[in-house]
Amino acid sequence: MKKKISNLPFKGTPEQEAQLKKVIDENKHDKSNLMVVMQHAQDIYGYLPIEVQNMIAEGMEVPLEKVYGVSTFYAQFALTPKGKYNISVCLGTACYVKGSGPIFDKLSEKLGIGADECTADGKFSLTACRCIGACGLAPVLTVNDEVYGRLTVDDVDDILAKYKD
Ligand code: FES
């Protein structure tokens with residue numbers, strides 16, 4: 001699946017950059033440590049925006065295309081940030097036939113974001129997932145670790161209202 005690029009401006013801090021530089025300095029003697037550096041970078045920033053990929057490419061002296069290629073190939077790397085509350089709607093078969101598509105669409109409309117995007121205030125992100133093994137509760141969505149089942153589109157407002165802060 002093609003990964004989406006972040007819809008939000010990069011907001012890295014000098015502290016994060018210093019941490020990343022330290023990791024790069026410790027690993028740049030060996031280009032095969034690229035994945036290790038990228039993993040650390042994701043721990044530091046929560047995802048790998050193009051600005052961070054650039055720092056890694058320059059520091060490790062590898063082409064940016066290589067860093068980008070690795071970040072899009074491996075599922076463990078995220079190109080978009082997660083919100084404080086990540087809403088994940090199951091679009092697996094059981095959920096889909098019971099109406100998870102319209103639930104996803106309503107969330108998308110209410111939050112003003114699409115799949116793999118994050119609201120400008122960093123509060124909500126929206127993703128679609130495959131079966132999470134709770135088909136008996138279809139259609140299902142999760143908000144971080146919280147599971148909501150047997151949903152209809154009319155439940156969307158109530159769920160969002162629970163995450164005011
Ligand atoms: S298809 Fe959604 S939980 Fe299984």
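Colleague: Of the contacts in the chain with a separation of 6 or more, what percentage is accounted for by residues 24 or more positions apart?

Modeller: This is a predicted model, in which local features need pLDDT of at least 70 and side-chain atom pairs count only at pLDDT 80 or more, while totals for chains, interfaces and linings use all residues. Residues are numbered from 1 along each chain as its sequence is written. With a contact taken as two residues whose C-beta atoms, placed from the backbone, lie within 7 Å, the share of residues 24 or more positions apart is 63%.

Colleague: In what order do the strands stand in the open sheet?

Modeller: The chain has 7 helices and 5 strands, which are DSSP runs numbered from the N terminus (helices H or I, at least four residues; strands E, at least two). Two strands pair if DSSP finds at least two bridges between them. β1 (residues 85–90) pairs with β3 (residues 124–129) in the parallel sense over 6 bridges, and with β4 (residues 141–143) in the antiparallel sense over 3 bridges. The pairing in the open sheet is therefore mixed, and the order of its strands is β2-β3-β1-β4-β5.

Colleague: Why is one side of β2 and of β5 left without a neighbour in the sheet?

Modeller: β2 covers residues 117–118 and β5 covers residues 146–148. One side of each is left without a neighbour because both stand at the edges, each with a single partner strand.

Colleague: Which residue of β4 is the bridge partner of S88?

Modeller: S88 has a bridge partner in β3, namely T127. In β4, where V89 has L141 as its bridge partner, the bridge partner of S88 is T142.
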